[in-house]
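Good morning, everyone, and thank you for making time for this short talk. Please have a look at the model on the screen before I go through it.

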Amino acid sequence: MLYEQPRTRKRLTFILQILFCLTYICSTAQESKKSIPINISGYAEVYYNYDFGNPSDDYRPRFICSYNRHNEININLAYLKAAWNTERLRANVALMTGTYANANLADEPGVLKNIFEANIGIKISKKSNLWIDAGVFPSHIGFESARGMDCGSLTRSMLADNSPYYESGVKITYQDKSEKWLASGLILNGWQRIQREAGNSLPAFGHQITYHPHKTITINSSSYIGSEGTDEERRMRYYHNLYMKFQFYREFEITLGFDIGLQQRKKGRSQHDVWFSPVLLYSFKPAKNLKLCTRIEYFDDTEAVIVESMSPYGFQTLGYSINFDYQIQPNMLWRIEGRGFLGRDKIFFMNDKPSNQNYSLTTALIVAFD
């Protein structure tokens, strides 16, 4: 559409201006005789996905927002980040592009779609590791993030793709001196929102507690409480995320996750719709630069609160995958993954015909630099 072109040009011009400023800051910092605590980093994921259902619109099923384009080479996520850290202050700004941003931030207006991270933090205690951060930052929910290099599998789980990847607001975080405990309390603009939903005046709240009893064990509990819809139709949403990671002999790692959510059916009513998702990942490193990871997961959203579905059973789907990773260099990773879904009903399509199954093959090349 022609009227979209000026908007696209304005967004592109704005992004290029910001990138130029970040580059200028980096070069100035390097030339300065006095050391400035600024670090410039970048990241990019180039991928190819083939969906054996052969979707006519070239999009993967709508509940998938990462690596969601079929039969084309594309960028899932690419960003440039500037980080400033001192003993008492810290700040991060990262601008992104890619199919992940197009899919997951579709409801954000204008250039907000291109914000991967933008926050400022201040340490409020001289003796304790106690910080207050405000802005846009990665979600406190889940063991997966938008940055694939940090995740065990190539694609994200159904659990991750249907819970917040990012959030905006303010949080207070404490970590003890032994670094075994981390606790955060959050006030947010809503469920995965940079800009608050129009007509909704109620802030959302969250918590996170992470415990490391041993360097090979991680236990995490995170929650979210907020409302959906305008004040007139307000429906409260409650969500809890629990995961545990166990590493054995450096070669083996197991991740167990379980999320559950509840949402009011109508304002002021006691009835709630429930959805939940368990997931298990098992990874094995047969050699220094090689890794295999298998995943089995299930997502049950009978009332289609999170995942839209026309089926009388809602969205009830079993997922499984296996991926192979090759570490080309410390900052370069090649991955390939086969993935399948099995639904209770015919919620997928195979050559435009209803099917209860879906299969795909994905490969990605990931590069990061600091």
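I will speak about cysteines, then salt bridges, then cavities.

What you see is a predicted model, in which local features need pLDDT of at least 70 and side-chain atom pairs count only at pLDDT 80 or more, while totals for chains, interfaces and linings use all residues. Residues are numbered from 1 along each chain as its sequence is written, and side-chain values use heavy atoms, with hydrogens and water left out.

Let me begin with the cysteines. If a disulfide is taken as a pair of cysteine sulfur atoms within 2.5 Å, the count comes to zero.

Now to the charged side chains, where a salt bridge is a side-chain nitrogen of Lys or Arg within 4 Å of a carboxyl oxygen of Asp or Glu, and where the count comes to 13. One of them joins Arg60 and Asp51, at 2.7 Å from N to O; Arg60 is buried, with a relative accessible area of 5%, and Asp51 is buried as well, at 2%. Another pairs Asp273 with Arg265 at 2.6 Å, and in this case Asp273 is buried at 12%, whereas Arg265 is partly exposed at 47%. There is also a network, in which salt bridges that share partners link Arg295, Glu297, Glu337 and Arg339.

Finally, how many cavities of 30 Å³ or more does a search of the whole structure find? It finds two, a cavity being a set of points on a 1 Å grid over the protein atoms alone where a 1.4 Å probe fits but cannot get out, with lining residues having an atom within 4 Å of a point. The largest cavity has a volume of about 40 Å³, the volume being the space filled by probe spheres set on the points, which are joined across faces, edges and corners. Its lining includes Ile141, Phe143 and Tyr165. The second largest cavity also holds about 40 Å³, and among its lining residues are Trp191, Arg193 and Glu228.

Terms used:
On a 1 Å grid over the protein atoms alone, a cavity is a set of points where a 1.4 Å probe fits but cannot get out, and a pocket is an open set with protein on both sides within 12 Å along at least five of seven lines; lining residues have an atom within 4 Å of a point. Buried means under 20% relative accessible area, exposed over 50%, partly exposed in between (1.4 Å probe, protein chains only).
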